[in-house]
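Biologist: Could you walk me through this one? I would like to start with the strands and then move on to the helices.

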Amino acid sequence: PPEEVEDTSEPTKRDRSHLENTLKLNEDKPADDFSGVLQRLRKIYHSSIKPLEQSYRYNELRQHEITDGEITSKPMVLFLGPWSVGKSSMINYLLGLDDTPYQLYTGAEPTTSEFTVIMHGPKLKTIEGIVMAADSARSFSPLEKFGQNFLEKLIGIEVPHKLLERVTFVDTPGIIENRKQQERGYPFNDVCQWFIDRADLIFVVFDPTKLDVGLELEMLFRQLKGRESQIRIILNKADSLATQELMRVYGALFWSLAPLINVTEPPRVYVSSFWPHEYHPDTHKDLFLKEEISLLEDLNQVIENRMENKIAFIRQHAIRVRIHALLVDRYLQTYKDKMTFFSDGELVFRDIVEDPDKFFIFKSILAKTNVSKFDLPNREAYKDFFGINPITSFKLLSQQCSYMGGCFLEKIEKAITRELPDLLGSIGLGKKPNVLSCDITGCGETPKNRYRKP
């Protein structure tokens with residue numbers, strides 16, 4: 001019959017067993033159950049961190065609210081890069097969605113115009129962005145602030161796949177050079193930033209035939225600053241080139257990215273073809289397979305460490321909230337000291353906000369225990385902050401105490417120095433008895449100098 005003839009012209013598919021082994025997809029053991037740890041993490045957040053956050057309106061300074069959905073969310077892997085470099089094909093391949101009704105559209109022209117969130121669900125179904133944003137149990141409710149135009153460009157796909165029980169993928173619209181921002185109809189960069197801030201792993205995918213680095217890509221790398229440890233660069237479709245040419249492209253890629261990523265350590269680059277088809281003959285098949293397995297191990301590592309990362313993230317947030325509270329308290333104290341019966345409050349405060357150094361506001365915070373000068377927000381931010389929130393609307397830290405509940409400041413300090421590190425220790429010990437998780441996350445206090453006279 002003619003059907004069989006057609007079959008032979010289909011490109012042959014590669015074996016997928018390395019995918020299942022590396023990502024431990026065929027193990028029957030249940031995924032680690034961290035629900036108890038998550039409950040404790042939520043409790044610490046709500047009782048010890050959030051009161052201070054709300055009292056000093058931290059959200060208006062940083063625009064970063066932590067919702068319950070975010071505390072309990074799975075690690076997120078974000079796919080970024082120019083259009084048509086194989087982002088969607090790579091997700092289809094990792095999840096084995098090829099030739100199923102739910103495979104992501106792929107093609108030579110820009111196909112993905114939406115932000116697509118691929119998550120776990122009991123059966124295959126699509127969810128509208130408006131529905132995702134309305135559901136506060138999901139971690140996507142804050143996306144509502146980007147407006148209805150954006151929500152129409154947000155789509156969720158639920159897939160009953162073992163990998164998605166532990167991780168969520170986000171496919172993004174390709175970067176299109178020479179295209180104006182406003183043509184997208186929503187703040188594309190701001191949305192990207194939202195996802196970048198929350199991603200545990202960021203795959204920036206390139207195609208060897210399209211290495212033009214233009215403005216939109218430059219902008220993207222500017223947004224990735226500070227997230228270098230999460231970035232992995234992928235030179236995809238590597239089997240479409242001869243070896244010598246591939247080496248040239250690899251060099252050219254680094255050359256064009258070097259000015260955009262100024263870190264001492266170059267980011268990890270994976271060179272392979274992430275799709276189900278056999279590699280082209282006469283190309284470095286062994287290398288491509290090894291690279292693919294390294295990338296899968298990388299992904300697995302993020303999944304394995306998801307709980308540690310979550311606790312460390314909440315702790316970092318707590319440290320920032322504490323510094324913000326100390327600063328507002330200090331501004332308020334300075335204001336109260338300067339005010340006399342006859343002075344004009346508005347003028348007195350303007351003087352303080354314009355030149356906080358004259359009043360040693362930031363210096364005095366550094367004198368407190370465990371505050372790093374690198375964590376201090378910038379002074380300008382406080383001009384804006386107090387422009388919206390009058391200084392008189394805040395209370396001093398010393399007044400934020402209750403007989404039953406204790407003091408806000410003491411509670412957050414206890415969370416930072418004791419409760420969160422203890423929570424980290426409790427999961428670290430179960431997994432690798434020889435490695436204390438504080439070695440990895442650095443949750444210990446600053447080491448004591450043995451040579452300093454007491």
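Biologist: Which residue in β5 is the bridge partner of valine 117?
Modeller: The partner of valine 117 is valine 170 in β5. Keep in mind that this is a predicted model, where local features need pLDDT of at least 70 and side-chain atom pairs count only at pLDDT 80 or more, while totals for chains, interfaces and linings use all residues. Residues are numbered from 1 along each chain as its sequence is written, and side-chain values use heavy atoms, with hydrogens and water left out.

Biologist: How many bridges join β2 to β5?
Modeller: Three bridges join β2 (residues 115-120) and β5 (residues 168-171), and these two strands run antiparallel. Two strands count as paired if DSSP finds at least two bridges between them, and strands (E, at least two residues) and helices (H or I, at least four) are DSSP runs numbered from the N terminus.

Biologist: And what is the strand order in the open sheet?
Modeller: The eight strands follow the order β3-β4-β2-β5-β1-β6-β7-β8, with mixed pairing. At the edges are β3 (125-128) and β8 (268-271), each of which pairs on one side only.

Biologist: Switching to helices, which residues of α14 are buried?
Modeller: In α14 (residues 345-354) they are Gly345, Val348, Phe349, Ile352 and Val353, where buried means under 20% relative accessible area, exposed over 50% and partly exposed in between, with a 1.4 Å probe and protein chains only. Seen down the axis of α14, these buried residues fall within an arc of 130°, so they line one face of the helix; the arc is that of the directions from the helix axis to the C-beta atoms.

Biologist: What is on the other side of α14?
Modeller: Glu346 and Leu347 are exposed there. The buried residues of α14, for their part, pack against α13 (306-338), α15 (361-366) and α16 (379-388), with contact meaning heavy atoms within 4.5 Å.

Biologist: Where does α3 bend?
Modeller: α3 bends by about 45° at isoleucine 49, and proline 51 follows within four residues. The bend at a residue is the angle between axes fitted to the seven residues ending there and the seven starting there.
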